[in-house]
Amino acid sequence: MNLDSCIAACLDCHRSCLATVAHCLGLGGHHAEPGHIRIMMDCAQICAVSADFMIRGSAHHPHLCAECAEICRECEKNCAGHPDADAAMRACAEMCRRCAEECGKMARPRAH
């Protein structure tokens, strides 16, 4: 497990998702569908929050990383599976895949 690698992946994914939101909104049409934009916004936000928690050394980062990995996987599928996925969307999907992998290493199941 490498905390610095996970933080970097989260920050990169955050940046990629926000840039891809702007790209898709610029394209308009079905690229700007609410569900598509929403998952990228959700992904960007959970990545930023997870990075913040890891940087602060919060004891809560493992379960946030588990959630981040799940949302990143959903965003990856959404971007890669979009009917007109272009290079920007494929790059975003790859960044989400990488972040999900890194966060998965940091995650632990939530205690119930």
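Select helix 1 and look at its buried residues: they pack against helix 2, helix 3 and helix 4. Here a helix is a DSSP run of H or I with at least four residues, a strand is a run of E with at least two, and both are numbered from the N terminus. Buried means under 20% relative accessible area, exposed means over 50%, and partly exposed lies in between, with a 1.4 Å probe and protein chains only. Packing is judged by contact, which means heavy atoms within 4.5 Å.

This is a predicted model, in which local features need pLDDT of at least 70 and side-chain atom pairs count only at pLDDT 80 or more, while totals for chains, interfaces and linings use all residues. Residues are numbered from 1 along each chain as its sequence is written, and side-chain values use heavy atoms, with hydrogens and water left out.

**Along helix 1**

Colour the buried residues of helix 1: C6, I7, A9, C10, C13, S16, C17, T20, V21 and C24. An α-helix has 3.6 residues a turn, so residues three or four places apart point the same way.

Now check the length of helix 1. Its 25 residues should span 36 Å at 1.5 Å a residue, and its end C-alpha atoms are 36 Å apart, which agrees. The expected span is 1.5 Å times one less than the number of residues.

Go to the start of helix 1, where a side-chain oxygen of N2 comes within 3.0 Å of the backbone nitrogen of D4. This is a polar contact, a pair of N or O atoms within 3.5 Å; within protein, one must be able to donate a hydrogen and the other to accept it, and residues adjacent in sequence count only if both atoms are side-chain atoms. After helix 1 comes G28, which has a positive phi, near 70°.

Select A32, in the loop between helix 1 and helix 2. A32 is partly exposed, at a relative accessible area of 25%. Apart from neighbours within four places in sequence, A32 has contacts with C24, L25 and I37.

**The core**

Next, show the largest nonpolar core, which has 33 residues; C10, C17, C43, C72 and C99 have the most contacts inside it. Such a core is a set of buried Ala, Val, Leu, Ile, Met, Phe, Trp, Tyr and Cys residues joined through side-chain atoms within 4.5 Å. Two or more of the core residues come from each of helix 1 (3–27), helix 2 (34–56), helix 3 (61–80) and helix 4 (87–106). Which helix gives the most to this core? Helix 2 does, with nine residues.

Centre the view on C10. C10 is buried, with a relative accessible area of 0%. Not counting residues up to four places away in sequence, C10 touches C47, S50, A51, M54, C68, C99 and C103.

How many disulfides does a search of the whole structure find? It finds zero, where a disulfide is a pair of cysteine sulfur atoms within 2.5 Å. For C10, the nearest cysteine sulfur is that of C103, 3.5 Å away, and C10 is in no disulfide. C92 is in no disulfide either; its nearest cysteine sulfur belongs to C17, at 3.8 Å. C92 is buried, with 0% relative accessible area.

**Helix 2**

Select S50, which lies in helix 2. S50 counts as buried, at 0% relative accessibility. Beyond its neighbours within four places in sequence, S50 is in contact with C10, L64, C65 and C68.

**Helix 3**

Move to helix 3, which has 20 residues and reaches 27 Å from first to last C-alpha, close to the 28 Å expected at 1.5 Å a residue. Its buried residues pack against helix 1, helix 2 and helix 4; among them are H61, L64, C68, C72 and C79.

**The whole chain**

Zoom out. The protein has four helices and zero strands. Buried residues make up 41% of its 112 residues. The C-alpha atoms fill a box of roughly 40 × 25 × 15 Å along the principal axes.
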